[in-house]
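Colleague: I'm new to this one. Could you put it up and walk me through some of it?

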Amino acid sequence: MSNLIPITIPLQKFRGHGDCVMAVAMFPDNQRMVTSSWDKTLLLWDLKRGVVLKKMEGHCSEVGGLAVSRDGQLIASGDLKGEVIVWHGETGESLIKIEAHSNWITSLDFSPDGTVLAISAYDKTTKLWNTETWQQQGNPIECGSDIKCARYSPSGELLAIATNHHIEVYNSDTRRRVAKFTGHAKYNSSLAWTPDGTRLLTGGGDSTIREWDTTTWKQVGDPWTGHFDYINAITINPTGSLIASASDDNHVHLWRLSDRQTIATFKLSFALKCVIFTVDGNYILSGGSDNMISEWAVTTVREACINGDFSTAEELLTQDINTDPNNHTFYAHRSFVMARKYDWDRALQDAIKSISIQPSLSGYISKSIALCGTGLIRSARAAFDVASMYTDKDSHMYSRTMHFLLLIKVIALFNADQHDEANLLLKELTTGCPNPDTRACHIVEAYLRIQLGLKALDSARHDEATEHFTAALNYNAMPSKLDIHEIYEDLVVLFGWDMESSWQKAHQKRCDALFQAGRLQDAVKSYRYMMDNIDKTTKASCLEWSNGNALFLTKGDTALAAGDFNRAIDLYSAVTDLTSPSYVVFEKRSQAKLGKMLWMEALLDAQKVIQLNPSSHIGYKLKHAAFHGAQRYDEAISAFETMLSKLDDAPDTETRKLRQQYLSPYEVDRAIRKVIDAQLDNAPLRVLDTTTGLLCDREAQIRIFKSSTEYMELLSSTITHRDIQVKRIEEVVMPCFQYVMLSHRWEGQEPLLQDVQGKIVYKLDPVGGIAKLQSFCKTVRDLGHRWAWSDTCCIDKSNNAELQESVNSMFGWYRHSTLTVIYLSDVPLSSKPGALAKSAWNTRGWTVQEFLAPEVILFYQKDWTPYVGDRTPNHKESVAIMQELEDATGIDRRAIVAFCPGMRDAREKLQWASTRITTVQEDIAYSLFGIFGITLPVIYGEKKQNALGRLLQEIISQSGDITALDWVGKASDFNSCLPADITSYKAPPCRLPSISEEEIQSSVSSLRGVVALESASELYQRLDYLGAPRFAYHRLHLPCIVFPVTEARRRSGQDQDTYTYELKSDGLRNLQIATKDRFTPFSPARPSPSWQTMLLVRPWSRDLLGLRDTADDTQSVDNLSVSESLWHDSLPARTGPIYWDSHSRALRLIVRLGQPFSAFLLARQRDGEFKRIASDRDIIARVKDMASISYLMDIRTLEVL
């Protein structure tokens, strides 16, 4: 059983792929696995039945990378062309495709919390993707060479990346590289973290595995050798004790991490590319160039026997027998296992079966042991005699084999209670055998003596037991660990010996026997001898016995180490009662009392330590722990500061170095203040304290926090660590500064800052707005929150600088609030669903951002009860309430739930606000600053047109999005292209019919040979180089295609407020406009003055070039918009082929320009600049003949006032 023979027959084969299997991943239920292959497919398997549940198709290239999220809900796969597909973990349906990289995707890994997917490729980068939005997070991690593998650490804090030349380790949050080192002589191919994160293992092209300490990033020990070709994959079992590796040498090696030894090999006929443990760690799954997955049992028979796992050993041997029923060795080995289980009848049956197939040495040994077990001693002796006939007498190992056979006979007879015969045989073997293995004989004799000593001790024959234990120890035959595992391991397998503990047990039991025999001095001597002759590791588990104080002290130490604090206290107390102990005894008893949370008693012992050893820091350390446990934090911190001074003043260097393990209270306070400041950066300038009813600024909040138990406990606990524990500080600080915002409608006399400053809100006369404020504070307090904010009294509106900051920060305040309470003062208690839509709160301008920005909102009715009785913690999770809000506001409920501020879909956001009103006219613009992510000066008194104009100017300037110019109504004095009022956006944006790809191709075909390609290309190039629209000094610089108006006729029979004109322009079909602006008609026969020019213009958008990024077509959930249809509805969906020929692009552009478009009518002023003539309806224009491109060549950037 000693030879490590490769296992070649797997337990199960999973066939289904048509090409090399590149990756395999397990699901957490241990019932399913998924595999990827160069046949461009994934297969979802039932692991137990070995059948394919789902064939997952969608990749256009060979699939290499594969990962399953920790919860099993997502599968991610990557191919050679850089595409990643995310699949549903249960159904195997495709969820999303990502063009992640430009080259072969080699590795995918989900973060432990499942929120991030790391994707690595041969383009030398790793990109991190958010698994909720599937948007890339930050910039890629750039590496210097091709990446083979990337793996998150178990905590998710680190991301290790294996490249051709280096192993690089990054902080997954900050992307800061924390380590970089050369791993393998050739390339680095694979990575695996131990479950505790203390080790990183790597495999590479040099056929070795290397182990790295994750605290120093230094290699641990020598490289692991055994493979003779590239190692393609490594994996670690769930307990972190075993490693499996797959190689191009056609082998899977199973390694033991503790000693880095190969304990099993599994051999196939093809190169292996992937390997993984099942979730329970009982099996290995490997795959490769044989196009299938093979399943192997992790535990070998030998390993199972050594570990005492006889059920597994029996199961494995039974599988071997089922595979090869004529293998006599399998039956002999199973007989040994049955003997270990004391199932003597089955052991004998298997031994007889083995001999019937082929008589052998192992067969007769197994029969001999089984016969001894059944009590058939005479038959057993005969079987041992026959066994000797099957030794190879010509072999140079004959003598050693015979010697070992006789040792087995000795042990088997002894176990059958034939002690005398066994001892006699052993004596003759030791003295009479030529070339005896004396060391082996001594080990066996010592073991037998220990067994006899244990029996004597159990029978209270203490002197006899002492004699046996002493004899065993006198042989001085304690083997090393190497001896046990390489020389005598077969004895462990056959008889279950635990040799390492046997000698330890002999020492301890001799002490026990001597002590119980009343030989105290001999017992003490024996104990001291034992402690002097064992290693430190063993010594820690031998502190079971001593005399006098030593007995109690060592047993007390053992109890303390085991967490048995009551026993430890009793034992240490016994020491103090017997003699005058040193401060160490009080130190340890104090530790035990701290473990029992007996804080005041522990404090008394700590003070005793200080009394006995006043110069030491230890007493003050214990004193700090006792005060901290008693929640007397001021005294705890004072004791700790004294401890630090003791360490600083210590005479020896080693003690002074201990100071580096701790932080001073000042350092911790400074770190806490940084976290507080970061928290308050996104919080209001003032809040109401719902506990006291007082208005507090930030400094007052900080003072209150620093006087709290939470702060003192945090300070006292953090100083005991070497490093600042930022996460722990954040966990304490953040809840203490969370705040709740109020969204409401101003009514009547609302309390201002001056009305509540320095006063207790709860004691004010509860009338009008004061009553509302009091109810709000009580509601927030009852919900468990301390801080509350209301726009009525928490802003100093007399301070212009503060007002500016508040208006520009308000969206962020709502965004970062822990909750926003929305008070509907006009919704009574008896209201039914639908009342929300009728509330006046829905008409106010400021309330839009107040329900979009927060993540958590709660609606309250007039009596401050939850709206329609819905007491869920977040009404944004209520489908019914969100649907009501959507019906009331016209905003998609998905956008309400997950709104993100920004310029995108500007036209739609303006429409949201178009029906809103504000008391102060400028606020209609200021209330939108946060929604668009814009910061602008707040200038009350500038009037609404100017405020709205500045907002729209900033949107267009920053984004280049001119959908904000899509309105009907009256023009603004700020700029004629902008509306005078937000209500001009109330009408939905203009929607024009789109043209299909088939129609475009048909039109392109008809234009070939008709349109001069040089002219078409020139038009394309000119438009391609045209700049984006921009604003400067109230002037809009508008890139456009210009169509001069040649004739304008006024139609008769119109009302006095609106004028209708028929317009003609060369190149455009005739059209009509309706406007409140009156101008003089003109025609070729009656031309207008030379300075007066009217133009119909098509505002230019680069999207007309047909080069839109498909990523831009994916609308975010927060802003589902139709506003872009004004400018882009003529663009087809990008489902057809992509044209790269320059002439084809140009012709496709002409086809798009031939579609109807929304035009502006501009009138030239005397100074040469233009103004837009506002119309009451959209001006829809269309070219007469798209083939006549000369009319499209008038391309300008006009300055519009």
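Colleague: How many bridges pair strand 35 with strand 36?

Modeller: Five, and strands 35 and 36 (residues 1059-1065) pair in the antiparallel sense. Strands here are DSSP runs of E, at least two residues, numbered from the N terminus, and two of them pair if DSSP finds at least two bridges between them. This is a predicted model, where local features need pLDDT of at least 70, side-chain atom pairs count only at pLDDT 80 or more, and totals for chains, interfaces and linings use all residues. Residues are numbered from 1 along each chain as its sequence is written, and side-chain values use heavy atoms, leaving out hydrogens and water.

Colleague: Which residue stands opposite A1048?

Modeller: L1063 in strand 36. Strand 35 (residues 1035-1050) also runs antiparallel to strand 34 (residues 1030-1032), joined by three bridges. In that hairpin two residues lie between the strands, and one of them, Y1033, has a positive phi near 55 degrees.

Colleague: What about strand 42?

Modeller: Six bridges join strand 42 (residues 1195-1200) to strand 35, again antiparallel. There H1037 stands opposite E1199.

Colleague: Switching topic, how many aromatic pairs are there?

Modeller: The count is 27, taking rings of Phe, Tyr and Trp (its six-membered ring) with centres within 6.5 Å; planes under 30 degrees apart are stacked, over 60 edge-to-face, the rest tilted. Among them, Y342 and W344 are edge-to-face, 6.0 Å centre to centre with 65 degrees between the planes.

Colleague: Is Y342 buried or exposed?

Modeller: Y342 is exposed, at 65% relative accessibility. Buried means under 20% relative accessible area, exposed over 50%, partly exposed in between (1.4 Å probe, protein chains only). W344 is partly exposed at 22%.

Definitions and conventions. Helix = DSSP H or I, 4+ residues; strand = E, 2+ residues; numbered from the N terminus.
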